[in-house]
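Reader: I would like to learn how to read a fold, its surface and its salt bridges. Please take me through one case.

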Amino acid sequence: MENINYVDLNRCNNSDRANYRVNAERNLRFFNQIIAGLKDIPPGARDLFDKPRGENAFLMKRISEVGKVELEDVERFNNADEILNLSACFTDNFGCTSVARNGVIGQTLDLYDVGLSIVREKNSLYVTIPPYLAVFGMNENLAFCTNYLQGPVKQGVPVSQIRRDLLRQDAMEGCFDYLKNISRSTTVNFLLSDGKKVVDLEVAPDKTLVHEQHLSGGNYFNAHTNHFVEGDIIRDDCCPRLKRAAELLGRGERIEKILDDSQISLPVAPNHLGVRFGSIIKAIMDVRNRLFFYKGPEDSEYKVLAVN
């Protein structure tokens, strides 16, 4: 799989533009195929989603120019979470396992075999699916992993914009205040770290549930997969991946080993729809040392980038 490339939007040279463009074109074709096959999206669904403002509006225009993609297509692609959550046929097709130990967080991104870019933009470094704003990543003070949660769709700020806005915060308190003061369009999960503490935020249009980290054997840990946790991750047994992650974290296993565990990592292979699906990237974010590690399904070692 040769679909993970590096793009520096701060310098934005010819290589950066070419790397971003090839994945944007590929992903838009795939997205349009999916949308064309959805028959249960209600008319006027796009009217539910708040238009981008401020820095997100500027970034979408920049993405349009860099990727040579129409701005309307960029905006539509960044409503993907909401559009797919409106369709019953996609509710069982997304995964992701997020884990944290002693302030370091990591995740598998379980998704279709789309083109991924690692983007450096301003003081942030993040994984995205061009021309999507950001999926997960870190800045100099914060990092977050993310998980799909099935739920209703209402008028509000789309998930893509929320994800990018979180990377503009300088502290956890800023993230809490931001989420409290916006209308949220649909459900999503964030495992958030400032390098010292990790909290899990289950975000819905009408509420945000906070799960604190656990202590075992001198290790602080947390985890999440793709459902609203009942009680806490130690007792919740709704998802085998979450149960396995909590078990390994409680034993003090390294995050790299957990993400590679056969019960957590999904091989990229054709699914029941005939489309390749699985853990298309694994990433680890160390806020304290400002380091971002990532590898694709065919990589044996993590590549490393520093957040400046």
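Author: We go from the whole chain to single side chains.

Author: This is a predicted model: local features need pLDDT of at least 70, side-chain atom pairs count only at pLDDT 80 or more, and totals for chains, interfaces and linings use all residues. Residues are numbered from 1 along each chain as its sequence is written, and side-chain values use heavy atoms, with hydrogens and water left out.

Reader: How many helices and strands are in the chain?

Author: Helices (H or I, at least four residues) and strands (E, at least two) are DSSP runs, numbered from the N terminus. Here the chain has 8 helices and 16 strands.

Reader: What does the radius of gyration say about the chain?

Author: The radius is taken over C-alpha atoms, and the globule rule is 2.2 Å times the number of residues to the power 0.38. For 308 residues the rule gives 19 Å; the chain has 18 Å, close to that, so it is as compact as a globular protein of that length. Along the principal axes, the C-alpha atoms fill a box of roughly 55 × 40 × 40 Å.

Reader: What share of the residues counts as buried?

Author: Buried means under 20% relative accessible area, exposed over 50%, and partly exposed in between (1.4 Å probe, protein chains only). Of the 308 residues, 59% count as buried.

Reader: Which share of the contacts joins residues at least 24 apart?

Author: A contact means heavy atoms within 4.5 Å. Take the contacts between residues at least 6 apart in sequence: 63% of them join residues at least 24 apart.

Reader: Where is glycine 195, and what does it touch?

Author: Glycine 195 sits in the loop between β8 (188-193) and β9 (198-204). Its relative accessibility is 5%, so it counts as buried. Leaving out residues up to four places away in sequence, glycine 195 touches Asn102, Gly103, Val287 and Arg288. Valine 135 is 60 residues from glycine 195 along the chain, and their C-alpha atoms are separated by 19 Å.

Reader: How many positive and negative side chains does the chain have?

Author: Lys and Arg count as positive and Asp and Glu as negative; His and the chain ends are not counted. Each charge is placed at NZ of Lys, CZ of Arg, CG of Asp or CD of Glu. The chain has 38 positive and 42 negative side chains, and the centres of the two sets lie 2 Å apart.

Reader: How many salt bridges does the structure hold?

Author: A salt bridge is a side-chain nitrogen of Lys or Arg within 4 Å of a carboxyl oxygen of Asp or Glu. The structure holds 21. One of them pairs arginine 11 with aspartate 16, with the closest N and O atoms 2.7 Å apart. Arginine 11 is partly exposed at 47%, whereas aspartate 16 is buried at 0%.

Reader: Which helices does the pair of glutamate 65 and arginine 17 link?

Author: Glutamate 65 and arginine 17 form a salt bridge at 2.5 Å between the closest N and O atoms. The pair links distant parts of the chain: glutamate 65 lies in helix α2 (residues 54-67) and arginine 17 in helix α1 (residues 14-36), 48 residues apart. Glutamate 65 is partly exposed at 41%. Arginine 17 is partly exposed at 23%.
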